[in-house]
Every structure is written in C-alpha cells, then in structure tokens.
Amino acid sequence: MQRNGNKNIAYVSRSIVFIIISIILFAFLYTNRPKTIYAEESDILKVRVIEDNNISLSNGKYIALDISCEKFLEFFSYNDIVTVTVNNHSYDVPVCSTRPSTSLSMYYLYLNFTNKNMFGENFDHIYLASKENLLQIESGIFKTSDSESTDKYIFNSELGSPLWAEIKLKEKNGFSDYETISYFVRTAEREDYPNLSDEEFANFRMITSGNIKEGILYRSSSPIDSVYNRNIYADSAAENAGIMTILNLANNQSDAEALAGYYDTYYSNCNIFFADMPLSLTSDEFKYSLKSTLCFMCENRGPYLIHCAEGKYRTGIISALLECLMGADMKTIQDDFLITYENFYTVYDGTQQSIPESLKPAIRKLVYTYLSVLFNTESLDNVDLSEKASTYIKQIGLTDSQITQLRNNLSDNNSGIADTPDITVLPISEDTYDAHISNEEDTEFSIDDDHEEESGLSNNDSPKTGDGGNSFLLSLIFAFIVICLISSYKKI
C-alpha cells in the first residue's frame, strides 16, 4: 500500500516536471515566434497587424505593424514607395522618418528612431499612417467602440486573428524628390520675392483652361488671413479683378470674420461661401463640403475667386477639378498647378530662386495624383477628363442640370442662374453627408486591386518561414501536456 502510494507520488511528480518544462518551452516558442515573412518568390514582406488599441493609437490615423524599424530597413529604405495591402485595401506610401505634408502624400509608412514615445524603447514596430484620414476605420481594421470604453476605436474582431499586412516595393527611392520639395523654403517677406509682381506674390491668377471664359475664374492665397503676409495683396487683386463670388475653402464664417481687419477688406463685401473644407479627399466631410461649394457656384455669378490658405492644396484640387470639367488637358492643368510652387518657393539667403528643372516633374505629378484619387482610378492617361469630372461631381450629389449650370457659369453662357435650392452651411458629419447622397462607392487612396491575387498570399495564410513549424510544435506540446495529465490521473 505504501509502495503504491510512493509510486503514485512519483508519477505525479514526473507529470508536474513534464508540465513545467512544457510550459517553459511553450512560452519560449511563443515569445520567439517569427513576426514577419519575406516571400522571396513574390518579393512580399508579410507583417502582423498589432491589434492592441494603445499601440495603434486612439486617433484613428495609425495602424501599428509588428516589425521593428531595424528589421524593416533590411528589406526597404527611406524614400522607397511601397504598396501596403491590408484587409483588401491597398495604399501606395512612402517610407518616411518624419510625417510628410498631406499635399505630398496622404498616407505614409512611418519609422522614427528618435521617437521612443511612439515606437518603444526597442523601436519594435512601425506605423501605416495618415495625417488627415481615419485610416483605422476606412481600412475596416478598427471600428468605432459602442461601449463605455475609453477607447474610441477598437480592433474589429470579426476579421479574425492574426491579421496580416503585405508590403511590396513599388518604386525604389521614388519619394526622394518629394522629400527635397518638403524642404522648400517660403517666407512672408515681400522683399524676398523681387522678381514677382504683387499678384504673383499673392499667388493670385486667372484660370482660362479649356472652355473657362477669361475673367470668370481666379485662384489665390487667402485675402483675409495674414499668416503668410499675402492677404493685403490678394484682397487688392480681387478688387481689381471685380470678384463677385468667393469660395473660401479654409475657414468657417465665424473664424473668418474674427480675423483682424476682416471688415475693412473688399473681400467682406462679396458673396462668400465658407466651406471649411477638410484636407482628406476621400472623407465624406470633404465630399459634402465640395458639393456645397459647387452648388453655391451654380447659384451665384462670377467672377469667382477660389482660395484656401496658400492657394496650393485645396485650391489646387478644386481648380483642377473645374479645369477638367471645362475640357482642359492634363498638361495645362499641371502647368497651372506648378505656378503656385513658383510663386511661393524657393527662398535661399533672403532671395527667391528658380525651382530646379529636375524637380518640376514631381510637382506636376502631384495634381495628377490628386485627380486620380478623386476619380478613383490609377491612370488618367488617354481618358476623357471632362467626363471623369462630370461623373465624380454627380457622385457627390449634384444633378445633371446643376452640372450644366456650372459649365454655363464658367463659360459665361448664361440664360439665367439655375433654380437650385438655397445652400445652408450645415455641420459637416458623416450623418449629414449620408442624408444628401446615396449609392456612393467607397474610394481609397491608391489602387492595386490585383495585388492580393498576384501575391498568392491572403490574410489567412500562415507564414512560410518557420511560423507553421512553431505552430505545429506548440500543438504537440499542448497535446503532450494533456496526455501527461490523463496518464497521471489513470496511474493515480
């Protein structure tokens, strides 16, 4: 009896030892599991999406990827443009150590070895990020929390775990020119631009592309905001041009009227629509703001002035859209866009210098990219830009008769202003936009619909560099633990 008892104790002891060893092995293998995969046959880096809300940040604009900055740079370099595909959404993004201007790239892959607050002591993750877009939500990886949790956005558990991002090189060193452009210097000093007229210094000019009639449409930096010290020149130019209708893309009405000297301007006596347009081209807020702006143009006669702060990004996009609508070709649109950079940049040693010819193609490409985003197409070569613009404007909510009226207003071919409903400036929200538009297709910045099919990898694939082996070992260890427990029970 005593002997049997000792035997049972020995079995139990051995089982406990086996279990402890198994747990240690399990923990070791789990901790050291491969976090990335590099598929040589398709040149794709496959990285886990970190599901932790805190690491992916709470503002909805960052998605954390489980690969260290150092490891990532073994495959790619800063200024490479890569295609990141996650949850069937693809983004063509530059690899950056700083956050680029939205006007240069809406999305980016962020690695920074000086920011331990974001990247941790070991810089053990990177971010797919956007300055303006709620990337977590538009990609479907996170969703708005409907609980009382302090987290506004939570991981979408319906996608399953793990979730993978696939990263593929699109253009080696493709962002280097834009990094140079990001360091262009502008100043607020009139004397730094001796070769520019006052109108050029204000970035004020007439647009006559396509069928736009001379003296009908103008663009400018802000005539009321003194932040760039161009407002006085822009306001004077607006008066000289006889501007009647102003489309302010930068401000809401209360903020505009609160600016110093507002009521002393020619501007304040014009017919003004305060669009307060966001920078995110794919957001519902942007689309509704644009719809309201274009409706206001339908209801009011020119000459029109479009402006934001610099007259570069939002003004450049809306001007380009209207130029497309009125039959302009891409080269003419790009020529006009380039002028803004020539009016603002590049100041060295207190004097503006000419933009290097080698960088002009990159600047011209920017407006091409903006229009590609709006029209949800990868290429605008050999397409009818007027038809593309008309289709897009219909998608955001204008009717055929309003589009016709808009064209008539810009060509000054009017038999009278169309009977369109009065525009009320509403708080811009997704609910507001949804109330004004239906059947709108989702759009994403950058398209690579065939990428996942070409890669042969899907979110449910297990890694090919040992992760499958580790998973098998973990399963064996788990089975071994269960067998030990059952064996011990029977022996006892």
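About 40 Å³ of space lies in the largest cavity, and the structure holds one cavity of 30 Å³ or more. A cavity here is a set of points, on a 1 Å grid over the protein atoms alone, where a 1.4 Å probe fits but cannot get out, and lining residues have an atom within 4 Å of a point; a volume is the space filled by probe spheres set on the points, which are joined across faces, edges and corners. This is a predicted model, in which local features need pLDDT of at least 70 and side-chain atom pairs count only at pLDDT 80 or more, while totals for chains, interfaces and linings use all residues. Residues are numbered from 1 along each chain as its sequence is written, and side-chain values use heavy atoms, with hydrogens and water left out.

The largest cavity is lined by Ser222, Asp225, Val227, Tyr228, Arg230, Asn231 and Ala309. By class, this lining divides into three nonpolar, two polar and two charged residues, where Ala, Val, Leu, Ile, Met, Phe, Trp, Tyr, Cys and Pro count as nonpolar, Asp, Glu, Lys and Arg as charged, and the others, Gly among them, as polar.

Helices (H or I, at least four residues) and strands (E, at least two) are DSSP runs, numbered from the N terminus. Strand E7 (residues 126-130) is largely enclosed by the rest of the structure, because five of its five residues are buried; buried means under 20% relative accessible area, exposed over 50%, and partly exposed in between, with a 1.4 Å probe and protein chains only. From E7, Ile126, Leu128 and Ser130 point one way, whereas Tyr127 and Ala129 point the other way. Strand E3 (residues 62-65) runs antiparallel to E7 and is joined to E7 by four bridges, with Ile63 opposite Leu128. Strand E6 (residues 107-110) is likewise antiparallel to E7, again with four bridges, and Tyr107 has Ser130 as its bridge partner. Two strands pair if DSSP finds at least two bridges between them.

The loop between strand E2 (44-48) and E3 contains Asp52, which is partly exposed, with a relative accessible area of 35%. The C-alpha atoms of Asp52 and Ile63 are separated by 9.7 Å, and the two residues are 11 apart along the chain.

Helix H11 (residues 330-344) has 15 residues that should span 21 Å at 1.5 Å a residue, and the 22 Å between its end C-alpha atoms agrees with this; the expected span is 1.5 Å times one less than the number of residues. Asp329 caps the N-terminal end of H11, with a side-chain oxygen 3.1 Å from the backbone nitrogen of Lys331. Among the buried residues of H11 are Met330, Phe337 and Phe344.

Most residues other than glycine have a negative phi, and most peptide bonds are trans. The table lists backbone angles that depart from this pattern.

| Site | Backbone angle |
|---|---|
| Gly302 and Pro303 | cis peptide bond, omega about 10° |
| Tyr345 and Thr346 | cis peptide bond, omega about -10° |
| Asn203 | positive phi of about 55° |
| Asn382 | positive phi of about 60° |

Pro303 is found in the loop between helix H9 (284-299) and strand E15 (304-307), and Thr346 in the loop between H11 and strand E16 (347-348). Asn203 lies in the loop between helix H6 (198-201) and strand E11 (205-207) and is buried, with a relative accessible area of 0%. Asn382, in the loop between helix H12 (360-375) and helix H13 (385-395), is exposed, with a relative accessible area of 85%.

Methods:
A polar contact is a pair of N or O atoms within 3.5 Å; within protein, one must be able to donate a hydrogen and the other to accept it, and residues adjacent in sequence count only if both atoms are side-chain atoms. On a 1 Å grid over the protein atoms alone, a cavity is a set of points where a 1.4 Å probe fits but cannot get out, and a pocket is an open set with protein on both sides within 12 Å along at least five of seven lines; lining residues have an atom within 4 Å of a point.
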